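Subject: Structure handover

Hello,

Here is the structure you asked to look through.

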Amino acid sequence: MSIYICNNVSDNNINKAVLLHIEHLAYRSFITIFGPKLLADLYRDWIKLDNAILIISDDDGSVNGFVLGIKNKELLFEPIKLNPFKYAKHIFKTLYKKPLLIKKLFETLSYKGKSKSTVKAELLVIVTDSNNRSKGLGTSLVNQLSREFQKNDIAEYLVTVHSDMAKSNNFYLKNKMVYTDSFILYGTKWNTYKKSTIQNDENTMG
Ligand SMILES: CC(C)(COP(=O)(O)OP(=O)(O)OC[C@H]1O[C@@H](n2cnc3c(N)ncnc32)[C@H](O)[C@@H]1OP(=O)(O)O)[C@@H](O)C(=O)NCCC(=O)NCCS
């Protein structure tokens with residue numbers, strides 16, 4: 001198994017990470033409704049714009065976990081602003097079938113201003129596959145992300161999670177993240193946690 005930072009936008013593991021994202025978070029997420037192509041385009045454009053840190057765990061050709069960090073969440077929708085036509089086709093195809101989603105789309109575009117925190121970096125997505133949970137992989141990915149943020153002179157970052165996802169909230173607390181605030185998005189309560197990269201420590205399980 002190898003854990004590496006993916007800077008190569010041609011890497012096919014990006015598509016596998018996106019599928020893992022959809023498989024494990026679609027029931028909780030809005031953006032996944034627009035399909036794997038839109039997500040893969042976003043991942044690749046965030047990397048191209050140097051706004052993403054994507055860390056992938058490759059287990060003999062299959063992706064068994066990954067974490068995606070964003071350096072500046074104020075630039076989250078920059079790929080769509082820079083290339084609206086590329087994204088419009090995915091968005092309109094879905095909106096044509098489900099026009100009521102337009103309300104959620106506008107809510108999504110206001111996402112960056114939902115938490116009161118002024119911290120700009122964010123752990124956007126972390127997933128490990130079901131067979132690999134509770135073995136420390138998620139913690140390793142968080143530690144690697146913290147180190148990479150630190151290398152980029154980013155001292156702290158946020159993560160937001162549905163308040164009712166007890167295991168995930170616990171996972172963040174165990175990884176020394178500190179609760180900061182909550183907000184409502186898509187009619188659901190989300191908790192925000194903050195983590196310092198300065199005290200990054202391999203032994204963050206306790
Ligand atoms: C949240 C998630 C990424 C955690 O990944 P993980 O690989 O299970 O993480 P870890 O193994 O490091 O830690 C998880 C648990 O294992 C325990 N653990 C870690 N290393 C361990 C080890 N070597 N031996 C035994 N237990 C260990 C931790 O104490 C933790 O305890 P918990 O069961 O009380 O939560 C994973 O559950 C997941 O993908 N969930 C679905 C997607 C999701 O909710 N993502 C978060 C929102 S973006």
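In which strand is the place of Ser 196? Ser 196 sits in strand β7. Please keep in mind while reading that this is a predicted model.

Setting aside neighbours within four places in sequence, Ser 196 is in contact with Ala 155 and Glu 156.

Confidence

The protein chain has a mean pLDDT of 90, and 95% of its residues reach 70 or more. Strand β2 (residues 52-59) has the highest confidence, at 98. Helix α5 (residues 102-109) has the lowest, at a mean of 76.

Overall build

The protein chain contains seven helices and seven strands. Starting from the N terminus, the order of elements is β-α-α-β-β-α-α-α-β-α-β-α-β-β. The radius of gyration is 16 Å, close to the 17 Å that the globule rule gives for 206 residues, so the protein chain is as compact as a globular protein of that length. Its C-alpha trace spans about 50 × 40 × 30 Å along the principal axes. Of the 206 residues, 31% count as buried. Among contacts with a separation of 6 or more, 72% are between residues 24 or more positions apart.

Around the ligand

There are 22 residues around the ligand. Which of them come nearest? They are Arg 133, Ser 134, Gly 136, Gly 138 and Thr 139. By class, the shell has nine nonpolar, nine polar and four charged residues. Four elements each supply at least two residues of this shell: α1 (13-25), β4 (122-128), α6 (137-151) and α7 (166-174). The largest share comes from α7, with five residues.

Helix α7 also holds Leu 173. Is Leu 173 buried or exposed? Leu 173 is exposed, because 12 other C-beta atoms lie within 10 Å, and a residue with 12 or fewer is put in that class. Leu 173 and Leu 185 are twelve residues apart along the chain, and their C-alpha atoms are separated by 22 Å.

Helix α2

Helix α2 (residues 36-48) has 13 residues. At 1.5 Å a residue it should span 18 Å, and its end C-alpha atoms are 18 Å apart, so the two values agree. The buried residues in α2 are Leu 38, Leu 39, Leu 42, Tyr 43, Arg 44, Trp 46 and Ile 47. What do the buried residues of α2 pack against? They pack against α1, β2, β3, α3 (78-82) and α4 (84-97). After α2 comes Asp 50, which has a positive phi, near 55°.

Thr 94 lies in helix α4. It counts as partly exposed because 15 other C-beta atoms lie within 10 Å. Leaving out neighbours within four places in sequence, Thr 94 is in contact with Ile 33, Phe 34 and Leu 101. Ile 33 is 61 residues from Thr 94 along the chain, yet their C-alpha atoms are separated by 7.6 Å.

Positive phi angles

Most residues other than glycine have a negative phi.

Asp 60 is not a glycine, but its phi is positive, about 55°. Asp 60 is in the loop between β2 and β3 (62-70). It counts as exposed because it has 7 C-beta neighbours inside 10 Å.

Tyr 186 is not a glycine either, and its phi is also positive, about 55°. This residue is found in the loop between β6 (178-185) and β7 (188-196). Tyr 186 counts as partly exposed because it has 13 C-beta neighbours inside 10 Å.

Regards

Terms used. Residues are numbered from 1 along each chain as its sequence is written. This is a predicted model: local features need pLDDT of at least 70, side-chain atom pairs count only at pLDDT 80 or more; totals for chains, interfaces and linings use all residues. pLDDT is the predictor's confidence in each residue, from 0 to 100. A residue is near a molecule or strand if its C-beta atom, placed from the backbone, lies within 6 Å of it. Ala, Val, Leu, Ile, Met, Phe, Trp, Tyr, Cys and Pro count as nonpolar, Asp, Glu, Lys and Arg as charged, and the others, Gly among them, as polar. A residue is buried if 20 or more other C-beta atoms lie within 10 Å of its own, exposed if 12 or fewer, and partly exposed in between; C-beta atoms are placed from the backbone. The expected span of a helix is 1.5 Å times one less than its number of residues. Two residues are in contact if their C-beta atoms, placed from the backbone, lie within 7 Å. The radius of gyration is taken over C-alpha atoms; the globule rule is 2.2 Å times the number of residues to the power 0.38.
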